[in-house]
Amino acid sequence: MAPASNYKIPMGNYVPIYVMLPLGVVSIENKFIEQEKIEKQLKELKAAGVDGVMVDVWWGIIELKGPKQYDWSAYKRLFLLVQKIGLKIQAIMSFHQCGGNVGDVVYIPLPKWVLDVGEENPDIFYTNRAGIRNKEYLSLGVDNQNLFQGRTAVQIYSDYMTSFKENMLDLLVAGAIIDIEVGLGPAGELRYPSYPQTQGWKFPGIGEFQCYDKYMREDFRETADKAGEPKFNLPGDAGTYNDTPDKTGFFKKGGNYQTEYGRFFLTWYSNKLILHGDQIIGEANKVFRGFPVKIAAKVSGIHWWYKDSSHAAELTAGYYNLLDRDGYRPIARMLSRHYASLNFTCLEMKDTEQSAEAMSAPQELVQQVLSSGWKEFIDVAGENALARYDATAYDQILLNVRPNGINLHGPPKLKMAGFTYLRLSDDLMKQQNFELFNKFVHKMHADLDPSPNFANPAPLQSSQPEIPIEKLLEATKASRAFPWYPLTDMPVEGGNPFD
């Protein structure tokens with residue numbers, strides 16, 4: 001047998017890496033600002049071997065002037081520049097407000113004509129039990145309500161994506177745009193806005209259920225009556241944003257979440273989220289099918305209270321995940337029928353970095369969610385949650401993208417389809433930080449030469465038939481996550497272990 005030093009690492013170990021552009025790279029005035037600075041930085045990213053960039057395409061900028069009055073000009077200039085430099089583009093259909101979430105440094109509200117509808121009818125927004133509205137994203141309760149000058153929310157999202165396709169056709173056909181991530185909630189994530197900093201939430205509060213707008217109240221009432229449970233109501237004992245599980249009747253040990261009523265409510269609440277994602281991802285598939293792009297949905301990394309039996313923070317966000325119930329695999333199964341990817345976050349986090357009081361377990365959560373995606377045979381991609389520039393964070397990411405390390409005989413059985421680093425900034429470009437980031441890029445590529453065309457997708461296939469909710473819920477059966485190595489075999493400060 002030849003010595004290991006003679007082995008050539010197969011290309012199948014290569015994981016593409018993208019960098020998220022600044023939130024305000026296109027300003028709220030719809031101007032591509034600091035173009036020279038961005039061009040210089042993009043060229044440095046390209047020289048470092050980065051495969052592409054991700055960028056928020058804000059609804060609140062593009063359709064600002066009125067219904068169907070789209071202006072893509074600034075984004076087109078940005079995308080053409082990215083293409084010229086030789087980087088690929090991941091475009092986020094950002095149907096949410098920018099501002100109010102961790103890391104938000106600019107403010108971009110929803111279009112004014114949408115907010116004006118909300119002035120007359122505030123129930124278009126997610127609402128907590130106290131009646132406080134959240135204007136980050138439209139309630140899924142209005143997905144199919146004809147409230148927006150002749151259109152439903154889903155029609156608005158579909159029209160927006162269609163206009164994007166028509167205006168970026170040359171870039172789509174050329175394979176410059178390779179990913180369309182579809183915003184499905186606050187921060188672009190498929191979740192409820194259960195932990196809004198704008199309403200006083202602080203880590204590690206359990207958050208609050210967000211289903212008290214009239215449309216969701218009516219839906220619950222109808223669902224409960226149809227099930228022969230007219231006495232069931234929305235929770236009144238689930239606490240407030242900064243409570244701990246034990247301080248609430250719903251989440252405490254032996255609390256309502258474990259009762260027949262609690263299971264009924266949580267199933268309804270989480271199913272509504274899955275069906276919301278299913279419908280809008282289905283619209284995205286109709287718009288982009290036939291083009292060489294992937295479509296994706298982002299799932300939030302809610303790692304606090306994961307070690308508590310209630311998983312309270314996940315439950316309020318809409319992820320009905322318990323020790324004996326997988327809340328993420330049904331989402332992956334839903335995405336599978338659309339040939340969509342699951343994008344997850346907090347890949348850089350280690351359990352030991354979290355405060356004990358938060359009962360946090362980001363490593364176990366990442367392992368569960370990625371495993372759920374792989375068990376449903378879909379592509380899984382990911383991001384870091386917080387800005388990090390250190391080897392510890394990079395090594396944790398490298399472990400997660402190839403949990404069982406390099407495979408010298410072909411693609412690893414477990415491998416992420418890509419990783420997006422948050423985000424391009426002056427701090428990242430500081431010499432010391434960027435030198436280490438450069439090493440990180442090489443390790444993501446398994447020490448292989450950059451190959452930005454490696455991840456070029458095949459033409460998107462049409463969605464499969466709708467999966468009945470009962471079939472989706474079969475995926476809630478708990479199963480073990482795939483095993484992970486304790487450490488990456490390609491640390492940023494290490495050499496090639498196969499040399």
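Predicted model: local features only at pLDDT ≥ 70, side-chain atom pairs only at ≥ 80, totals over all residues.
Two strands count as paired when DSSP finds at least two bridges between them. The protein has 499 residues, and 60% of them count as buried. Its secondary structure comes to 14 helices and 10 strands.

**Overall shape**
- The radius of gyration is 22 Å, which agrees with the value near 23 Å that a compact globule of 499 residues would have.
- Along the principal axes, the C-alpha atoms fill a box of roughly 70 × 50 × 40 Å.
- If you take the contacts between residues at least 6 apart in sequence, 79% of them join residues at least 24 apart.

**Surface and charge**
- About 19600 Å² of the protein is accessible surface, and carbon and sulfur atoms account for 51% of that.
- There are 52 positive and 60 negative charges, and their mean positions lie 2 Å apart.

**A closer look at strands β1 and β2**
- Strand β1 covers residues 17-20, and it runs parallel to β2 with three bridges between them.
- One of the residues to look for here is Met20, whose bridge partner in β2 is Met54.
- Strand β2 spans residues 52-58, and seven of its seven residues are buried, so the strand is largely enclosed by the rest of the structure.
- Met54 points the same way from β2 as Gly52, Asp56 and Trp58, while Val53, Val55 and Val57 point the other way.

Key. Residues numbered from 1 in each chain as written. Heavy atoms only, no water. Helix = DSSP H or I, 4+ residues; strand = E, 2+ residues; numbered from the N terminus. Rg over C-alpha atoms; globule rule 2.2 N^0.38 Å. Buried < 20%, exposed > 50% of the residue type's maximum accessible area, 1.4 Å probe, protein only. Contact = heavy atoms within 4.5 Å. Areas by Shrake-Rupley, 256 points an atom, 1.4 Å probe, with all protein chains shown as cover. Lys, Arg positive; Asp, Glu negative; His and termini not counted. Charge placed at Lys NZ, Arg CZ, Asp CG, Glu CD.
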